[in-house]
Amino acid sequence: MDPSLSPPLQRLVTTLSKLDLTSQEIAEVIWLAARTDGDIITLDTEAQPVPEPVTTQVEQDLSSPPSSDSEPPLPNEAQAEIVPAPAEQRASLALPPNYKPIPVPDAPAISQALQLARSLRPLARRVAIGLPTILDEEATVDRIAETGIWQPVLKPEAELWLDVALVFDKSPSMCLWQRLGIDLHRLLSHYGEFRDVRVWLLRSDATGKLNLTARNGTVHKPSEILTGDRRRLVVVVSDCVSPAWHNGKMRELIATWSAKLPTVVFHVFPERLWSRTALARSITVELQGRQAGLPSNNLKPVVRSVWDQERLKASLKQADVRLPVVSLEKDALSNWAKVVAGDRSFRTLGIVWDAQPQIVRNSQQSSALSTSVLRDRIDSFLLTSSPISRQLAGLLASAPVITLPIARLIKQSMLPEASAVHMAEVFMSGLLKVSGSQVPTFENAERVAYELVDDEVRDRLQAGSLVIDALTVLEAVSRYVAQGLGKSVSEFKALLRSPATGKTTAETEFLSAFATVTAKILRGLGDEFEAIAHQIQPLELAPSERSFPPLETFQFIDAQLEGVEIESSTESPFPPLETQEVEVITIVLEDGTLGTEIRWQLLEYEVATIERRTDPPQTGFFRNIFRREDQRSQWVIRKQRQQRVCLWIERLTSGVDLEMVLILGRSFVMGSPENEPERLSSEGSQHEVSLPPFMMGRYPVTQAQWRAVASLPRINRELDPSPSEFKGDKRPVEGMSWYDAVEFCERLSAYTGREYRLPTEAEWEYACRAGTATPFHFGETITSDLANYDGSITYNNGPKGKESKRTTPVDQFRVANAFGLCDMHGNVFEWCQDHWHESYEGAPIDGSAWLTDQEDAHRVIRGGSWGLDPRYCRSAYRNYYSPDIRYFNIGFRVVCSAPRTL
């Protein structure tokens with residue numbers, strides 16, 4: 001290598017020498033590099049915002065935190081803040097300077113990129129440009145064949161029809177959509193449908209003016225997008241809630257483009273949430289194109305509501321802005337692409353932007369909201385938000401401190417089906433506030449801490465939540481924060497007990513606030529967590545709650561009583577003093593001794609539901625050919641790994657354990673409704689039953705567990721160690737009588753010191769339903785892909801399956817109900833405590849066993865079995881057998897009382 005070359009040229013030569021390129025290819029690379037002006041695009045899905053100036057990388061522009069120049073909005077109010085800015089400085093959960101947030105990459109925002117790319121194919125046409133200079137071989141051959149003249153036919157060069165100006169709204173609320181910007185750029189540029197995709201950014205300066213900037217930060221005029229041959233799409237990505245969308249500035253900017261080019265807003269929210277944005281003040285219409293590539297303002301609007309007809313006529317007489325608005329869904333994108341391509345048979349959703357400018361207020365968060373305002377805000381969120389958003393809010397309410405990385409951590413680990421839409425619903429609900437005096441900026445978005453506006457919000461959001469979920473969130477957040485502070489979990493928990501030992505004043509203040517909120521959360525989980533909360537922060541009693549009144553000073557006169565003779569007949573006003581011996585016991589609570597009787601484990605499992613999926617009705621020419629009943633439908637299995645419960649493992653022998661699941665006590669409706677298919681009269685009438693918490697075996701008792709307990713000393717009767725017809729350690733034991741099952745429970749109780757028994761009929765049905773009211777906990781029907789029964793017979797037009805003709809190992813299907821219990825439908829019937837009754841008339845409503853005076857009365861069995869129809873596997877189905885019968889399709893599972901209410 002020539003030593004006289006500069007270092008950059010030396011690196012270039014070294015790099016090129018490693019590539020197998022021709023001289024022409026090298027020349028093309030250098031030519032292309034000279035025209036890109038150094039704007040190199042890199043896409044790193046793990047990229048995180050850093051406190052550095054804007055660079056030329058797309059990720060740093062699209063994923064950088066929001067600016068403090070403008071405030072993000074609350075979707076249901078005319079203001080533009082994700083959470084209100086703090087009004088005063090106070091002790092808070094603001095993260096100390098030595099805290100280093102651990103990156104938590106966001107999940108992909110576009111999960112079906114290929115399907116979305118296919119919906120854009122109408123825009124991927126090619127057009128001819130320039131003079132004909134390329135040999136058209138097919139046309140040349142046709143001419144020679146027709147005329148006999150050997151003369152070439154030339155054609156012009158063809159290139160892709162459109163390029164894209166991708167304009168990303170950089171208002172503060174868009175910080176939740178960083179990953180969407182990266183994925184959208186990849187979608188538009190990686191499938192070869194557009195000749196060029198260039199990223200632009202919309203920012204607001206200190207005066208509120210909108211500035212259009214390139215990736216390198218230079219400011220450009222909006223009219224620059226109109227330069228060139230105007231074969232260009234303008235795609236604005238926004239949530240439409242920033243002040244610019246309300247005060248008319250965004251309308252003026254977009255009007256510049258929509259008058260000359262096809263312009264569209266890719267809305268980050270689904271259509272159901274558009275009413276909470278600035279678009280709600282405009283006329284919602286359907287837009288239709290009469291030819292390809294029309295500017296948006298030239299599209300024909302058609303009102304969706306007859307009430308908007310007069311308003312639309314009035315707006316069309318003015319200089320209105322017609323703007324397609326598209327959610328990132330396959331059908332919506334496809335319709336919009338066909339409208340841009342000139343297909344008159346399709347329409348796309350949009351607005352006629354006639355709304356008058358509105359000044360957006362910039363609110364400061366108050367020290368305390370009024371009770372009525374706070375409750376209205378909570379009620380509004382609970383009534384209007386999606387179920388997943390409410391569930392996510394309940395999980396975040398269990399976090400002592402909330403940051404964007406912590407929210408992503410909780411979402412990904414405990415609620416993977418949640419998306420950025422659900423996070424936005426929570427952060428823009430008005431139920432969160434910035435902790436302390438922090439102000440969100442581009443540099444500190446990952447560090448800004450949020451907290452609930454009031455403790456009542458936490459109580460309302462956590463209502464009905466599982467205690468185990470709250471404990472899981474507390475543990476995950478504690479681990480994450482400890483890692484950010486550079487400490488182990490044990491060190492961090494020790495610091496919570498003594499926050500004053502923090503390294504700095506800021507760290508001490510943060511630890512104190514963290515401990516306070518953690519103690520509040522623990523106390524809200526129940527009295528059994530009071531001792532743990534007291535270790536973190538002792539409860540300070542109000543003066544009225546103290547055991548003794550405050551000491552006061554009294555003035556008095558000292559006097560002495562001299563002997564007075566009292567007649568014996570006079571009774572003393574005071575009883576004689578007596579001596580009583582007492583025993584004093586001192587109880588010392590040591591750390592870690594609380595709740596050592598039962599050591600719970602966290603069980604995570606997969607829940608399955610069966611749903612009917614119907615193909616959408618035909619459109620266009622074929623829409624009238626097929627009747628509604630001819631539309632194809634099919635049952636599909638939907639699985640989710642999201643549930644968590646408390647699990648207790650009882651060790652029987654080496655390698656043989658009994659897994660017990662904690663089931664929280666609640667009320668439920670027992671029995672089946674009269675309209676349930678193939679219902680029996682013995683399943684009614686429906687009645688409400690309230691049960692205390694209990695623990696139930698995760699599976700039916702297996703043959704390995706049976707042998708282990710059968711080898712224990714006899715209580716009342718002998719047990720056959722191998723009664724089953726179908727052998728296998730993991731198969732459920734069958735072929736034992738009701739009396740044998742009771743003997744099993746008695747031996748197990750004597751061995752463990754815990755009272756094990758058969759479940760009551762109410763406990764069994766409550767555990768099987770797991771909060772559902774459908775015939776099966778899977779849904780309206782059942783499939784042999786999820787349970788062991790005679791699958792050759794169907795239920796409620798369900799799918800036809802297979803027949804196993806024998807028991808299957810427990811948990812063979814790897815799914816459970818919402819309580820974590822497996823094999824509740826099919827495999828083997830299960831014995832219950834109750835005596836048989838023909839109906840529920842007079843049945844207990846407290847979940848206890850319904851017994852009679854007859855010792856040899858028939859006992860209830862539940863759950864169906866491997867050889868029976870699916871109707872006998874329903875949650876409400878009940879039958880009976882004599883307690884001394886042994887049959888190869890009857891097994892059982894055990895229950896025991898919960899040690900405490902969780």
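Threonine 807 is found in the loop that runs between α22 (761-769) and β22 (829-835). This is a predicted model. Is threonine 807 buried or exposed? Its relative accessibility is 0%, and buried means under 20%, so threonine 807 counts as buried. Apart from neighbours within four places in sequence, threonine 807 is in contact with Phe726, Arg731, Pro732, Glu734, Asn788, Asn827, Val828 and Trp866. Two of these contacts, Phe726 and Trp866, belong to one aromatic cluster together with Tyr881, Tyr887 and Phe888.

Aromatic rings also meet elsewhere. A pair of aromatic rings is described by the distance of the centres and the angle of the planes. The whole structure holds 20 aromatic pairs. In one of them, tryptophan 245 and tryptophan 353 have ring centres 5.4 Å apart and planes at 10 degrees, so this pair is stacked. The pair links distant parts of the chain, with tryptophan 245 in helix α7 (residues 243-246) and tryptophan 353 in strand β12, 108 residues apart. Tryptophan 245 is buried, at a relative accessible area of 2%, and tryptophan 353 is buried at 4%. Phenylalanine 776 and tyrosine 795 make an edge-to-face pair, with 5.3 Å from centre to centre and 90 degrees between the planes. Phenylalanine 776 and tyrosine 795 both lie in the loop between α22 and β22, 19 residues apart. Phenylalanine 776 is buried, with 0% relative accessibility, and tyrosine 795 is buried with a relative accessible area of 1%.

The charged end of arginine 125 sits over the ring of tryptophan 161, at 4.7 Å from the ring centre. Arginine 859 has its charged end over the ring of tryptophan 738, at 4.0 Å from the centre.

Next come the cores. In soluble globular proteins, nonpolar side chains tend to be buried together. The largest nonpolar core here has 125 residues, and Leu123, Trp177 and Trp336 have the most contacts inside it. Which residues does tryptophan 177 touch? Not counting residues up to four places away in sequence, they are Phe168, Asp239, Val268, Phe269, Ala420, Val421 and Ala424.

After α10 comes glycine 342, which has a positive phi near 95 degrees.

A strand shows another arrangement. In a regular strand the side chains alternate between the two faces of the sheet. In strand β5 (residues 210-213), Leu210 and Leu212 point one way, Asn211 and Thr213 point the other way, and all are buried. Strand β4 (residues 197-204) pairs with β5 in the antiparallel sense over four bridges, and serine 204 stands opposite leucine 210. β5 also pairs antiparallel with strand β6 (residues 219-220), over two bridges. Leucine 212 has histidine 220 as its bridge partner in β6. β5 and β6 form a hairpin with five residues between them, and glycine 217 in the turn has a positive phi of about 95 degrees.

Finally, consider the whole chain. Its secondary structure comes to 22 helices and 26 strands. Of its 902 residues, 47% count as buried.

Methods
Residues are numbered from 1 along each chain as its sequence is written. This is a predicted model: local features need pLDDT of at least 70, side-chain atom pairs count only at pLDDT 80 or more; totals for chains, interfaces and linings use all residues. Side-chain values use heavy atoms; hydrogens and water are left out. A nonpolar core is a set of buried Ala, Val, Leu, Ile, Met, Phe, Trp, Tyr and Cys residues joined through side-chain atoms within 4.5 Å. Buried means under 20% relative accessible area, exposed over 50%, partly exposed in between (1.4 Å probe, protein chains only). Contact means heavy atoms within 4.5 Å. Two strands pair if DSSP finds at least two bridges between them. Rings of Phe, Tyr and Trp (its six-membered ring) pair if their centres lie within 6.5 Å; planes under 30 degrees apart count as stacked, over 60 as edge-to-face and the rest as tilted. A charge sits over a ring if NZ of Lys or CZ of Arg is within 6 Å of the ring centre and within 35 degrees of the ring normal.
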